[in-house]
Structures are given as structure tokens and as C-alpha cells.
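Here is a walk through one model, going from its rings to its cores, its pocket and a few individual residues. Have the structure open while you read.

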Amino acid sequence: MIRAARVVRAQLRASVAMALQYRLEFAVQGALALLWIAVTLFPLLVLFGTRPEVAGWTFAEMLVVLGWFVALKGVLEGTLSPSLMQVIEHVRKGTLDFVLLKPADAQLLVSLSKIEPWRLIDLLGAGVIFGIAFQRIGRPPGLIPRSCSQ
């Protein structure tokens with residue numbers, strides 16, 4: 001487990017170094033992530049600006065759904081999607097054997113071969129959306145649904 005954590009830390013450091021090579025692109029990608037969060041939030045603001053509920057859903061409940069969407073998008077597009085594209089590139093170039101022969105878990109190396117650090121903005125945005133949603137709902141999230149606990 002400690003060895004896997006070291007591999008992940010090394011992969012993360014390498015990805016951050018690669019991303020920071022082009023600082024302007026890093027800043028632009030971060031700004032685009034913020035813009036995307038705003039664009040996904042805008043229809044909810046318009047829709048719930050005129051009515052308190054839509055099909056039994058309140059604004060706060062829809063914010064929870066949007067928060068999950070933003071968080072999952074950040075994880076998928078920040079780790080899995082770029083890494084899968086990297087695997088395709090390794091196969092195309094014929095360099096996948098070099099990755100598989102390294103003295104570390106090959107699946108971990110392939111799964112986290114490329115991380116896009118600016119996708120942390122999506123995760124932070126999801127955290128803010130969750131905070132606002134649960135503050136409006138009036139209670140923190142729980143493991144047991146409210147209908148089951150009553």
C-alpha cells in the first residue's frame with residue numbers, strides 16, 4: 001500500500017510538472033473549468049429563479065445532483081480519460097512494453113499515467129456546490145435516507 005502511494009505521488013508530481021511547463025495553458029484550462037461550472041449552473045438558476053419546485057425537486061436537491069455531476073466529471077476527465085488516451089498513444093508508438101516492465105503495479109501505472117491537475121478546480125467547485133446545497137437543505141448528508149430513518 002505504501003509503495004502504491006509512492007507511485008501515485010510520483011505520477012502526480014510528474015503530471016503537475018508537465019502541466020506547469022506551459023503556465024498560460026494551465027491558467028486558461030483552470031479558467032475554462034470555472035466557466036464550465038458556471039455554464040452548468042446557469043440553467044438551474046434560470047429555472048428555479050421563477051419557481052420553488054420543478055417536478056418535486058427543489059433547487060437545493062438539484063444542486064446536490066449537479067455537485068455529483070461536476071465531481072465525477074472532474075475525476076473522470078482529470079485522471080481516467082487522459083490516462084486512457086495515454087495508453088492508446090503507448091500502443092500506437094509501441095512503448096507500452098516499457099510501462100508494463102517497470103517494477104510497479106502495471107495497472108496503477110497505466111491508470112494514472114497522466115493526471116490533469118487543473119481538474120481539481122472541478123472538485124473544489126463541487127465541494128462549494130455541495131456546501132451551498134446542504135446549507136439550503138438544512139442538514140448535512142447522511143448514510144441513511146430520510147424516508148428510511150423515519
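Rings of Phe, Tyr and Trp (for Trp, its six-membered ring) count as a pair if their centres lie within 6.5 Å, and planes over 60 degrees apart make the pair edge-to-face. Keep in mind that this is a predicted model.

**Aromatic rings**

Searching the whole structure turns up five aromatic pairs. One of them joins tryptophan 68 and phenylalanine 130 in an edge-to-face arrangement, with 5.4 Å from centre to centre and 70° between the planes. That pair ties together distant parts of the chain: tryptophan 68 belongs to helix 3 (residues 59–93) and phenylalanine 130 to helix 6 (residues 120–137), 62 residues apart. Phenylalanine 130 has a relative accessible area of 17%, so it counts as buried.

Look at tryptophan 36: the charged end of lysine 73 sits over its ring, 4.0 Å from the centre.

**The nonpolar cores**

The largest nonpolar core has 13 residues, and those touching the most other members are Leu44, Phe59, Leu63, Leu66, Val70, Ala126 and Ile129. Two or more residues of this core come from each of helix 2 (23–48), helix 3 and helix 6. Which helix gives the most to this core? That would be helix 3, with six residues.

Take isoleucine 129 as a way in. Setting aside neighbours within four places in sequence, isoleucine 129 is in contact with Ile37, Leu63, Leu66, Gly67 and Val70. Apart from this core lies another one, made of six residues, including Val7, Val99, Leu108 and Ile115.

Valine 7, one of the members of that other core, lies in helix 1. Not counting residues up to four places away in sequence, valine 7 touches Ala104, Leu108 and Leu109. The C-alpha atoms of valine 7 and aspartate 105 are 8.8 Å apart, although 98 residues separate them along the chain.

**Buried residues along the way**

| Residue | Relative accessible area | State |
|---|---|---|
| Valine 7 | 16% | buried |
| Alanine 19 | 11% | buried |
| Histidine 90 | 18% | buried |
| Glutamate 116 | 18% | buried |

Alanine 19 is a residue of helix 1 (residues 2–20). Its contacts, leaving aside neighbours within four places in sequence, are Phe26, Pro117 and Trp118.

Histidine 90 has its place in helix 3. Beyond residues up to four places away in sequence, histidine 90 touches Thr95, Leu96 and Val99. Val99 is also among the residues of the six-residue core.

What about a charged residue, glutamate 116: buried or exposed? Glutamate 116 has a relative accessible area of 18%, and the cut-off for buried is under 20%, so it counts as buried. You'll find glutamate 116 in the loop between helix 5 (106–111) and helix 6. Glutamate 116 touches Glu77, Gly78 and Pro82, again not counting residues up to four places away in sequence.

**The largest pocket**

About 500 Å³ of space lies in the largest pocket. Its lining takes in 25 residues, and Ser15, Met18, Gln86, Ser113 and Lys114 lie nearest the centre. At least two lining residues come from each of helix 1, helix 2, helix 3, helix 4 (96–100) and helix 5. Helix 1 supplies the largest share, five residues.

Finally, have a look at alanine 55. Where is alanine 55? It sits in the loop between strand 1 (53–54) and strand 2 (57–58). Most residues other than glycine have a negative phi. Alanine 55, though not a glycine, has a positive phi of about 55°. With a relative accessibility of 75%, alanine 55 counts as exposed.

Key
Residues numbered from 1 in each chain as written. Predicted model: local features only at pLDDT ≥ 70, side-chain atom pairs only at ≥ 80, totals over all residues. Heavy atoms only, no water. Phe/Tyr/Trp six-rings, centres within 6.5 Å; stacked < 30°, edge-to-face > 60°. Helix = DSSP H or I, 4+ residues; strand = E, 2+ residues; numbered from the N terminus. Buried < 20%, exposed > 50% of the residue type's maximum accessible area, 1.4 Å probe, protein only. Lys NZ or Arg CZ within 6 Å of the ring centre and 35° of its normal. Core = buried A, V, L, I, M, F, W, Y, C linked by side-chain atoms within 4.5 Å. Contact = heavy atoms within 4.5 Å. 1 Å grid on protein atoms, 1.4 Å probe; cavity = no way out; pocket = protein on both sides within 12 Å on 5 of 7 lines; lining within 4 Å. Points joined across faces, edges and corners; volume = space filled by probe spheres on them.
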